[in-house]
Amino acid sequence: MSAAPNLLPPQLRRMREADLAQVIKIEHACYEFPWTLGIFRDCLRVGYDCYVYQGPSGLIGHGVMSAAAGECHLLNICVHADWQRRGLGRRLVEFLLDVARTRKIHTALLEVRVSNALAHWLYTSLGFNEVGMRHHYYPGRGGREDAIILAREL
Ligand SMILES: CC(C)(COP(=O)(O)OP(=O)(O)OC[C@H]1O[C@@H](n2cnc3c(N)ncnc32)[C@H](O)[C@@H]1OP(=O)(O)O)[C@@H](O)C(=O)NCCC(=O)NCCS
C-alpha cells in the first residue's frame, strides 16, 4: 500500500522566483500590512535565506532571514491560517536558526509588533529575550506601531 501524499508533513525548501505569486497570496492572507512582491524579489536577489513550506496542494507558509557578520535577522515568519497551531511556525524558526548555526552566526534578532502576543509568545518560548524597542517601527491602523526587539544567542 502506498503512503497517501497528503498525509506527509509540509516540507521546507528554498523559495524560488516562481513561488512568489503564491507567497504573496499567503502574505496578504496573514498580514494586515503585507510585504510587497518587490521586497520578496529583493530578498531573493541579495541571497537572503528564503524558504517556503510545500503543502499537499500548494505553498502554506514562508520564512526569510538575513545573516551577516555573526548576526542573523528573522525578517518574516508566516504560516497560513489554515495550517496554524500544528507546530509549523516553531519548526520554521528552529530550522532557520539551524541554517544560521551552519554559517557560524552567534546572535539571532527579530522584531515583533507589540500587539502580536502570539508570535511574541512563540519566540520567547524558543529562547528569545527582549533587548529593546523600535518606536513607530510598523505601519498601523491608527498611526505607527512599536516593535519589540527580541534576541537570543545561538
Ligand atoms: C506566528 C505564527 C507564525 C505561528 O505559527 P503556527 O504554525 O501557528 O505556530 P505553532 O503551531 O508552531 O505554535 C507555536 C505556539 O503558539 C501556540 N499557538 C499558536 N497559535 C495559537 C493561537 N491561535 N492561540 C493560542 N496559542 C497559539 C501554540 O500552542 C504553540 O505552542 P506549543 O508549541 O507550546 O504548542 C502564525 O500565527 C502566523 O503566521 N501569524 C501571522 C504572521 C505573523 O504574525 N508572523 C509573525 C511576525 S513577527
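A salt bridge is defined here as a side-chain nitrogen of Lys or Arg within 4 Å of a carboxyl oxygen of Asp or Glu. The model is predicted: local features need pLDDT of at least 70, side-chain atom pairs count only at pLDDT 80 or more, and totals for chains, interfaces and linings use all residues. Residues are numbered from 1 along each chain as its sequence is written, and side-chain values use heavy atoms, with hydrogens and water left out.

**View 1. Salt bridge between Arg-103 and Asp-49.** The N to O distance of this pair is 2.6 Å. Arg-103 belongs to the loop between α3 (88–102) and β5 (107–113) and Asp-49 to strand β2, so the contact ties together parts 54 residues apart in sequence. Helices (H or I, at least four residues) and strands (E, at least two) are DSSP runs, numbered from the N terminus. Asp-49 is buried, at 3% relative accessible area, whereas Arg-103 is partly exposed at 40%; buried means under 20% relative accessible area, exposed over 50%, and partly exposed in between (1.4 Å probe, protein chains only).

**View 2. Salt bridge between Arg-14 and Asp-49.** Here the N to O distance is 3.4 Å. Arg-14 lies in strand β1 (residues 11–14) and Asp-49 in strand β2 (residues 49–55), so parts 35 residues apart in sequence are tied together. Arg-14 is partly exposed, with a relative accessible area of 42%. A network of salt bridges links Arg-14, Asp-49 and Arg-103.

**View 3. Salt bridge between Glu-111 and Arg-134.** The closest N and O atoms are 2.8 Å apart. Glu-111 is in strand β5 and Arg-134 in strand β6 (residues 129–140), so the pair joins parts 23 residues apart in sequence. Glu-111 is buried at 13% relative accessible area, and Arg-134 is partly exposed at 34%.
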